Amino acid sequence: MLAVFDRAVAPSPEGLRQPGAAGDGSAAGLADRFREARPEAVTVNLGGSGAMAYSSHGQSPLLPSFPKTLTRTVCEDRLFGAVDDIFCMFQGTIENVAILKQQYGLSKGANEVNIIIEAYRTLRDRGPYPADQVVRDISGKFAFVLYDCSTKSVFMAAVRCRWQVPFYWGVDSDGRLVVSDDAEIVKKACGKSSAPFPKGFFFTTSGGLKSYEHPMNEVKPVPRVDSKGEVCGTTYTVDAKAKKDASIPRVGSAADWSSQY
C-alpha cells in the first residue's frame with residue numbers, strides 16, 4: 001500500500017526531513033509508478049492533496065463499503081475501502097472486532113476498514129472520545145492510513161505489539177509525506193528522510209504526531225544512526241518531562257471538531 005500527501009494536508013513532523021537527504025526522485029507520480037509495477041493495483045487520485053495506491057493478491061482491490069464476505073491473503077491482511085469519500089488502507093488484524101462493531105453500530109459483515117472509518121467519523125463528528133482513546137480501544141496488531149476528502153484530513157496510526165506490522169514514512173524534497181508498507185518505496189522517494197512509522201503513535205493533519213499511550217506528553221525527534229555512524233532517518237519518543245496544554249477549547253455547536261483531535 002502507498003499514500004502520498006501534499007504538505008498542506010500532511011505537514012511532516014519536526015525532524016523527519018533531513019537537510020540534503022532527498023531520495024532518487026520526487027514522490028510526484030509515485031502512485032502511477034506503483035500501479036505500473038503492479039498491474040492488479042488500484043490508485044485513487046486525491047486531487048491536489050495527493051494519491052493513494054493499493055495492491056492485493058487474491059481479492060478485489062476495491063471492496064464494497066460493507067461486504068458480506070471477504071477473502072484475505074494468507075501472509076498479510078491488507079484491506080482498502082471507502083465510505084462517503086473517506087478512503088482507508090489497513091494492514092494487520094483487529095482482535096476485538098465484535099466489540100467494536102457493536103460500539104459503532106456496524107453490521108455483522110463490516111470489516112476492519114469499516115471499523116476504522118466509522119471510528120474516525122465518530123471522532124470527527126463531535127464524538128465523546130479523544131483520538132488517543134479511539135486508537136487505544138482497538139486491540140490487535142495493525143497500521144492504517146485514512147484520508148477524508150470532505151475535510152482534507154489525514155489520520156494514521158501504528159500499534160505497538162510483539163509482532164510489528166511493516167509501516168514506513170518519509171518526506172520528499174518537495175515536502176510531500178510518503179507512507180507505505182514497503183520500506184524500499186519510501187527510501188527511494190525520500191532517501192535519508194525516511195524511517196519506520198513510530199509504534200504506539202498516531203498522526204493527524206491538525207494535531208501532528210502524538211503518542212496514544214501518553215497523549216499528554218510532547219513528542220521529540222531522535223536521529224537514527226546506522227552502523228557507520230551516519231544519520232538514516234528519525235524516530236520519535238515521548239518526552240517524559242514535557243506536557244501538552246490540557247485546556248479544552250470552547251467551540252460552538254456548529255464548529256467542525258475535526259480540527260480539535
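Lysine 188 is exposed, because its relative accessible area of 55% is over the 50% cut-off. You'll find lysine 188 in helix H5. This is a predicted model, so take every value here as computed from it. Along the chain, lysine 188 is 161 residues from alanine 27, yet the two C-alpha atoms are 9.0 Å apart in space.

**The chain as a whole**

Five helices and 14 strands make up the secondary structure of the protein chain. The chain has 261 residues, and 49% of them are buried. If you look at contacts between residues at least 6 apart in sequence, 62% of those join residues at least 24 apart.

Six strands build an open sheet, and reading across you get E2-E3-E1-E9-E8-E10, with antiparallel pairing. Which strands stand at the edges? They are E2 (42-45) and E10; each has a single partner strand, so one side of each is left without a neighbour in the sheet. From one strand to the next, the twist averages 15 degrees. Helix H5 packs on this sheet and touches E1, E8 (168-171), E9 and E10. The direction of H5 makes about 10 degrees with that of E8.

On one side, E1 (residues 2-5) runs antiparallel to E9 (residues 177-180), and four bridges join them. E1 also pairs with E3 (residues 50-54), again antiparallel and over four bridges. As for the side chains, Leu2 and Val4 point one way from E1, Ala3 and Phe5 point the other way, and all are buried. Phenylalanine 5 has partners on both strands: glycine 50 is its bridge partner in E3, and leucine 177 stands opposite it in E9. Alanine 3, meanwhile, faces valine 179 in E9.

**The E13 and E14 hairpin**

Further along, E13 and E14 (residues 231-243) pair in the antiparallel sense over eight bridges. Valine 225 has valine 231 as its bridge partner in E14. The hairpin has five residues between the strands, and glycine 229 in it takes a positive phi near 80 degrees.

Most residues other than glycine have a negative phi.

| Residue | Phi | Location |
|---|---|---|
| Glycine 229 | near 80 degrees | hairpin of E13 and E14 |

Is aspartate 84 buried or exposed? It is exposed, with a relative accessible area of 57%.

**Glutamate 213**

Glutamate 213 is found in the loop between E12 (208-211) and E13 (217-225). With 32% relative accessibility, it counts as partly exposed. What does glutamate 213 touch, leaving aside its neighbours within four places in sequence? Its contacts are Arg160 and Gly200. Aspartate 132 is 81 residues away from glutamate 213 along the chain, and their C-alpha atoms are separated by 7.3 Å.

**The second largest pocket**

Now back to H5, by way of a pocket. The second largest pocket has a volume of about 250 Å³. It is lined by 13 residues, and those closest to its centre are Lys187, Gly191, Ser194, Arg224 and Cys232. Two elements give two or more residues to this lining: helix H5 (183-190) and strand E10 (194-196). H5 gives the most, with four residues.

Technical notes: Residues are numbered from 1 along each chain as its sequence is written. This is a predicted model: local features need pLDDT of at least 70, side-chain atom pairs count only at pLDDT 80 or more; totals for chains, interfaces and linings use all residues. Side-chain values use heavy atoms; hydrogens and water are left out. On a 1 Å grid over the protein atoms alone, a cavity is a set of points where a 1.4 Å probe fits but cannot get out, and a pocket is an open set with protein on both sides within 12 Å along at least five of seven lines; lining residues have an atom within 4 Å of a point. Grid points are joined across faces, edges and corners, and a volume is the space filled by probe spheres set on the points. Two strands pair if DSSP finds at least two bridges between them. Axes are lines fitted to C-alpha atoms, for helices over the stretch in contact, and angles run from 0 to 180 degrees between N-to-C directions. Contact means heavy atoms within 4.5 Å. Buried means under 20% relative accessible area, exposed over 50%, partly exposed in between (1.4 Å probe, protein chains only).
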